[in-house]
Amino acid sequence: MHNLTLTRIQNDCTDFDVLRNPIYGQTYKELLGFFKGVTTFEYKHLYLFPQLIYGSMPTMVKIDLTHKDKLLDIFKKARNEPVLSNQEIAIVKDYINNSLVGTSKLLHFLNPRVYAIWDSRIYRYISGRKTSYDIGNIDRYLKYLEKVKDISTSKGYAEVHKKIARHFDYDIQPSRVLEIIMFQTDKNVQR
């Protein structure tokens with residue numbers, strides 16, 4: 001996580017240009033609204049949530065309902081409490097394509113204050129690696145969440161947040177601000 005620092009985020013946000021695809025921005029906003037509107041988790045959500053998350057991804061979703069009874073409780077906990085345990089995240093990962101990327105997106109929409117999105121661009125930004133080897137490592141994801149929290153509560157972060165938030169017509173969480181900066185920076189570098 002040594003590549004993820006407030007100084008780097010501050011430097012990378014100076015060239016920030018709002019995501020050019022308005023559908024992407026609107027889809028994100030609608031997904032936030034949908035997940036916020038789910039006040040009681042039901043079995044039907046075990047089918048709907050992965051479809052919503054994977055609708056924006058190039059991979060077909062595979063759903064594993066082996067732990068279906070635990071999943072609803074985990075969703076409730078993710079919505080209302082601090083970060084899930086490694087074991088709880090592993091259950092969600094098994095459920096949603098055995099993918100930590102899909103897991104991070106689902107958890108983000110359940111609780112964007114706590115969970116940051118984790119994907120190959122974010123991983124490359126943080127690790128400096130060209131490959132996505134180890135992207136499914138839950139411990140690494142948990143360290144990433146800690147680092148996002150540390151940066152977003154650091155002196156100097158407020159200015160970064162303000163600069164990015166002005167581009168959006170919804171209350172954007174720090175996890176999303178940092179993810180957008182990392183995603184856009186990697187996208188610009190990888191052209």
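This is a predicted model: local features need pLDDT of at least 70, side-chain atom pairs count only at pLDDT 80 or more; totals for chains, interfaces and linings use all residues.
Residues are numbered from 1 along each chain as its sequence is written, and side-chain values use heavy atoms, with hydrogens and water left out.

Let me start with the fold: the protein chain has ten helices and zero strands, where helices (H or I, at least four residues) and strands (E, at least two) are DSSP runs, numbered from the N terminus. The radius of gyration of the chain is 16 Å, close to the 16 Å that the globule rule gives for 191 residues, so the chain is as compact as a globular protein of that length; the radius is taken over C-alpha atoms, and the rule is 2.2 Å times the number of residues to the power 0.38. Along its principal axes, the C-alpha trace spans about 45 × 35 × 30 Å.

Turning to the interior, 47% of the 191 residues count as buried, meaning under 20% relative accessible area with a 1.4 Å probe, protein chains only. The largest nonpolar core has 59 residues, and among those with the most contacts inside it are Phe49, Trp118 and Met182; such a core is a set of buried Ala, Val, Leu, Ile, Met, Phe, Trp, Tyr and Cys residues joined through side-chain atoms within 4.5 Å. Helix 8, residues 138-152, gives the most to this core, with seven residues.

Finally, Met182 touches Leu4, Ile9, Ile122, Tyr125, Ile126 and Tyr144, not counting residues up to four places away in sequence, where contact means heavy atoms within 4.5 Å.

How values were computed: Buried means under 20% relative accessible area, exposed over 50%, partly exposed in between (1.4 Å probe, protein chains only).
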